[in-house]
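Student: Let us work through this protein model together. Please show me the sequence and the structure.

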Amino acid sequence: MSANTVDIRKAAYKLPTDVKEMDRLGIQHTLWSLLIGGLYPVSVSDRVESLLDAATAREKPPVVLDVGCGSAIWSIEMAKTFPQFQVVGFDLNAQKFSDAPTNFRFIQGDLSTTLLEFPGQADIIHCRCVAQHVVNPQALVRLLYESLRPGGLLLLADGDWIVYDQHKKLVEPFKWWESNTVTTSTRKSREPTSTVRLEEDSHGRSWYAGWLDFFGNLTKSKDYRPIEELVKSVEGWKVLDSRSYLSPINWPGEGIENGEDLGKVLNINQRNFFLGAKEIALRAGLSSEMIEIWGRHYEAEVETGRFYNVWYYLTALK
Ligand SMILES: C[S@@+](CC[C@H](N)C(=O)[O-])C[C@H]1O[C@@H](n2cnc3c(N)ncnc32)[C@H](O)[C@@H]1O
């Protein structure tokens, strides 16, 4: 399939895009920096820095694309760190970008068309927490390939909606659609027993894992596959490294580098994620009573539980 026929996205992005969500993405950016040790993994530092030499040798500055940049927190930091680079952020939604340096610019629109302006031009492409949200993640990864120069560097990252317990076993999520209490909001008179019934309906499954599972089902493309599979399906990529990172939430985890800080940052991130996603849950059919009950259990679990979330990071060359 050629890049100009790809159907990356026709439907609207499902997560919030307001200022609060941009602030949350800022917190999540801190989480990523703690996980990988900075704006990019140390293992590719040499490649990034070699672009500085190329910048002096070439007339045009090296081009860095941040694909689905959100608040552009990564691209703006990149532009500040490397004033010699030309950094371009792409997104469906524009933000204020008030502290952006002059070597950063933003292009608004759907990636399936805006990326076509840069065929074979990018030296580095950063695409974080985007691939699962587009209709055709495979087409996106192919388009990223076509937008890079030969020898260009891909930084591809994504989160997951699963939760592990302290023994790193998968936690069973509460599934609201299997609950008998879901019709509460449509009943004329609320039954006083509904709260109790909802709690019974959870059968001891995790409310925290349930909220993430719910949003994963709502937002993730049905054609999404792990990022490593998506990359390996496009001929030409040379994968340098592909790994998963565990982040503890509200505890330091066991044997986790930067565990203490990660635990604190993810705690703030996930509490904000619950609040930010409430509106979407209402629109998806949950009653406000149910969300209120869910929120209480979610908070209690995050407060006392010992969970991990998982994040994936891949680096590759064209
Ligand atoms: C979860 S946010 C991640 C933002 C940023 N990469 C980060 O890590 O902070 C996903 C972003 O992808 C953007 N997005 C999703 N689908 C898109 C599309 N088809 N074209 C352009 N942007 C898209 C959304 O608007 C949103 O800002």
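Student: What share of contacts between residues at least 6 apart in sequence join residues at least 24 apart?
Tutor: This is a predicted model, where local features need pLDDT of at least 70, side-chain atom pairs count only at pLDDT 80 or more, and totals for chains, interfaces and linings use all residues. Residues are numbered from 1 along each chain as its sequence is written. Two residues are in contact if their C-beta atoms, placed from the backbone, lie within 7 Å. Among contacts in the protein between residues at least 6 apart, the share that joins residues at least 24 apart is 73%.

Student: How many helices and strands are there in the protein?
Tutor: Both are DSSP runs, numbered from the N terminus: helices are H or I with at least four residues, strands are E with at least two. On that basis the protein has ten helices and seven strands.

Student: What percentage of the residues of the protein count as buried?
Tutor: A residue is buried if 20 or more other C-beta atoms lie within 10 Å of its own, exposed if 12 or fewer, and partly exposed in between; C-beta atoms are placed from the backbone. The protein has 318 residues, and the buried part is 42%.

Student: In what order do the strands form the open sheet?
Tutor: Two strands pair if DSSP finds at least two bridges between them. Strands of a sheet pair through backbone hydrogen bonds, either parallel or antiparallel. Here the pairing is mixed, and the seven strands run in the order S3-S2-S1-S4-S5-S7-S6.

Student: Which are the edge strands?
Tutor: An edge strand here pairs on one side only. The two are strand S3 (104-108) and strand S6 (238-249).

Student: Which residue in S7 is the bridge partner of leucine 246?
Tutor: S6 and strand S7 (residues 307-317) run antiparallel and are joined by eleven bridges. In S7, leucine 246 has as its bridge partner valine 310.

Student: Which residue in S2 stands opposite valine 67?
Tutor: S1 and S2 pair in the parallel sense, over five bridges. Valine 64 has valine 87 as its bridge partner in S2. Opposite valine 67 stands phenylalanine 90.

Student: Which residues of S1 are buried on its two faces?
Tutor: In a regular strand the side chains alternate between the two faces of the sheet. Five of the five residues of S1 are buried. One side has Val63, Leu65 and Val67; the other has Val64 and Asp66.

Student: At what angle to S2 does helix H3 (residues 73-81) run?
Tutor: Axes are lines fitted to C-alpha atoms, for helices over the stretch in contact, and angles run from 0 to 180 degrees between N-to-C directions. Five of the six residues of S2 are buried. H3 lies across strand S1 (63-67), strand S2 (86-91), S3 and strand S4 (122-128), and its angle to S2 is about 175°.

Student: Is alanine 72 buried or exposed?
Tutor: Alanine 72 lies in the loop between S1 and H3. Its phi is near 65°, a positive value in a residue other than glycine. Most residues other than glycine have a negative phi, and most peptide bonds are trans. Because 26 other C-beta atoms lie within 10 Å, alanine 72 is buried.

Student: How does asparagine 250 count, with 18 C-beta neighbours inside 10 Å?
Tutor: Asparagine 250 lies in the loop between S6 and H9. Its phi is also positive, near 60°. With 18 C-beta neighbours inside 10 Å, asparagine 250 counts as partly exposed.

Student: How are H1 and H9 oriented to each other?
Tutor: Helix H1 (residues 19-36) and helix H9 (residues 259-283) pack at about 155°, with their axes 9 Å apart. Angles under 35 degrees count as roughly parallel, over 145 as roughly antiparallel, 65 to 115 as roughly perpendicular and the rest as oblique. So H1 and H9 are roughly antiparallel.

Student: How are H9 and H10 oriented to each other?
Tutor: H9 and helix H10 (residues 288-304) pack at an angle of about 170°, with their axes 11 Å apart. The residues that meet include Phe274 in H9 and Tyr298 in H10. H9 and H10 are therefore roughly antiparallel.

Student: How far from tryptophan 207 is alanine 300 in space, C-alpha to C-alpha?
Tutor: Alanine 300 lies in helix H10. Alanine 300 counts as exposed, with 12 C-beta neighbours inside 10 Å. Alanine 300 and tryptophan 207 are 93 residues apart in sequence, and their C-alpha to C-alpha distance is 9.4 Å.
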